[in-house]
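Here is a quick tour for anyone meeting this structure for the first time. Have a look at it, then read on.

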Protein chains: 2
Amino acid sequence: MIYFDHNATAPVMREARETWLHATENISGNPSSPHQTGARAHIALREAREKLAHFLGCHANDIVWTSGATEANNTVMHHFSRTLDVKSEVWISAIEHPCVDESAKHYFGKRAKFIPVTHDGVIDLDWLTTELTDTRPGLVGVMTANNETGVIQPWREILSICQSYEVPFFTDAVQWLGKMPAKDLGQCDFVSGAAHKFGGPRGIGFLKIPHKSHITPLLVGGKQEQGVRAGTENVATILSMMAALEIREQQMANSQHILRGVWRENFEKQLLRELPGATIVGAKSPRLWNTVSALMPEGAQLRWLSKLDKAGFAVSTGSACTTGKEEPSHVLAAMHFKPAEAHRVLRFSSGWETNESDWDALAKALAKIHGEIYHAKT
Amino acid sequence: MIYFDHNATAPVMREARETWLHATENISGNPSSPHQTGARAHIALREAREKLAHFLGCHANDIVWTSGATEANNTVMHHFSRTLDVKSEVWISAIEHPCVDESAKHYFGKRAKFIPVTHDGVIDLDWLTTELTDTRPGLVGVMTANNETGVIQPWREILSICQSYEVPFFTDAVQWLGKMPAKDLGQCDFVSGAAHKFGGPRGIGFLKIPHKSHITPLLVGGKQEQGVRAGTENVATILSMMAALEIREQQMANSQHILRGVWRENFEKQLLRELPGATIVGAKSPRLWNTVSALMPEGAQLRWLSKLDKAGFAVSTGSACTTGKEEPSHVLAAMHFKPAEAHRVLRFSSGWETNESDWDALAKALAKIHGEIYHAKT
């Protein structure tokens, strides 16, 4: 199979596997244990925390390790539900991942308000600035880049707007981290990320919280993580995540993502040329270098999916977390796509190991399948 | 270092490491993804679920994978806080792990009531039956075996009592699973477990819930785990956990834990002989084959700890999750040990790889250190 579903999960890279293996053999203690074996784990954990803080540009103590972004994002909403006054609203974008969207609704009900997006999938900054002159929400949450379309959100601008109104800003950076430089993310008040989207293992992520602040634990019952997240620290997996992130940051320092963006551009040109009627969702917006959300000319998603699967390509319709839902994507709905259009959208998301010939093979397969569907119809 | 702190965390066994490595290489998809790579992960996950259900004696659909026992135990308390009427109590033993104890207090405050234990560390069944004739709590929670003392709780009897009063029974089986046969645990309404206590990796555990029931998710935002636990399923780690559990169950089928219990008995005899004044906590109760909680004759815990550490033995004072707390162990307090006594208690917890000569070396080291402390005093 040629894998084009990295936004769902990416394969664990060799160095991350080796790091996990080494750590489970050599750093086997519990960081809270009062002996050398525990101390070694404690030191490794501290170094990993410092490394992540360095990449994000924040203090090491601002990092809380979690079981993944779902837990991190739930923790943010839970924290604000416990600390905001009962009238405060939280404003999140209309295109957040379900684990932000649903936890906001779960904890805030109608006090969760949705920031609209344009047809190109970018949040409406005018709406935000206008609304902020009237109302001060308890939290603004906008993802760094969208998982379905790859559209990059203007998080630096949103942060600056939020700062001027003294509203805390939270960004789910799951699709950004390890694909785009982490630098400056640490300036946001709350940032979440997960390892398994960029070559680290599953079951590990983090939440960056404001400096010298405390958050309400979602998991209670242990003094770990300065009392804000109970549970034995998953040291080997944390080190594995950091091994992956370190390599990704190095690749970006060498501009290797720029080249990959060019391959993606070429694929899109090829797609539009070979499949008349196809369009790229969010084409006018800056997008992650790895994601193509394509409105296909013919046939429903599932027909394309199964034909591509047979041809050896793993692609997706949208978020894996929403697969199986009958409703069309809430992201595409927020971008004003009609349900019938949304059902024609496919997502191709490459990874660091995807090469130019993989994109080329995908374009050729799509052209071939398009021909078959076209001929079947005529 | 000779490692005697397995109740805090156990080293990941070779087979579990190899399984993780194999799975991250070969079963890399997201089980929710709509293609062959996803389907392979989906199938592997289903098989793992069936295997665990087989060991526990329950239905595969009763298993919810979690990031560990802390999450599983928090999920139980969160669920009951959302579903019980506002007057209902939950009764838990006075010796639960902090992640049960603190989450019960967090969600129920004064409606969390504590079942007393005897001086030998077993819950008071008379108290339970007497109280149940008057009051019907919403939940009874008693751990299967205690992490600090190794004392086995009469969970089969408690289950039967709870069934006769139609009260749901929850058992935290973290210290039981992989050390004692899992068989019949599935008859309890709620059961939690974690891999890293018996040679599986960290960051993975489960919650067994009652058949055909639904629980209130603690983590929302995805359709995984039948909608009760959001987050990309950690397939490689789940398979790794099951590889470890399968081997442990096989070792127990071959009665290999019985032999290890004999080694532990011999160690205790040696300890009592060499260290006049030492006693074994919970000595009169059935205990896990791996745990020794010893009230030492001289010196404070920390003095023993550092001397043992220097001599190459990793031991503990109690739960790693409470290390650093100034207060004496709540477990020893519930067993009516005075604070000064509690501060003299050390915990030695062996693992499957600990052999007879390790126990012997520990006994000799203790005798030597005792001699030094004694001479320093005189």
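Is Glu18(B) buried, partly exposed or exposed, going by its relative accessibility? At 43% relative accessibility, Glu18(B) counts as partly exposed. Keep in mind that this is a predicted model.

Glu18(B) has a partner: its side chain meets that of Arg14(B) in a salt bridge. The two sit four residues apart in helix H1 (residues 14-26) of chain B, so about one helical turn separates them.

Now for chain A. It has twelve helices and twelve strands, and 64% of its 378 residues count as buried. A compact globule with 378 residues would have a radius of gyration near 21 Å, and chain A agrees, with 21 Å. As for charge, chain A carries 39 positive and 41 negative side chains, with the centres of the two sets 2 Å apart.

Over all chains, the whole structure holds 36 salt bridges. Here are three of them:

| Pair | N to O distance |
|---|---|
| Arg229(A) and Glu71(A) | 2.8 Å |
| Asp184(A) and Arg156(A) | 3.5 Å |
| Glu18(B) and Arg14(B) | 3.3 Å |

Take Arg229(A) and Glu71(A), which meet in a salt bridge. Arg229(A) lies in the loop between strand E8 (205-208) and helix H7 (235-253), while Glu71(A) is in helix H3 (residues 69-83), so the pair ties together parts that are 158 residues apart in sequence. Arg229(A) counts as buried at 11% relative accessibility, and Glu71(A) is buried with 2%.

Salt bridges can also join up: Arg264(A), Glu265(A), Glu268(A) and Arg287(A) are linked in a network of them.

Technical notes: Residues numbered from 1 in each chain as written. Chains lettered and ligands numbered in written order. Predicted model: local features only at pLDDT ≥ 70, side-chain atom pairs only at ≥ 80, totals over all residues. Heavy atoms only, no water. Rg over C-alpha atoms; globule rule 2.2 N^0.38 Å. Buried < 20%, exposed > 50% of the residue type's maximum accessible area, 1.4 Å probe, protein only. Lys, Arg positive; Asp, Glu negative; His and termini not counted. Charge placed at Lys NZ, Arg CZ, Asp CG, Glu CD. Salt bridge = Lys/Arg side-chain N within 4 Å of Asp/Glu carboxyl O.
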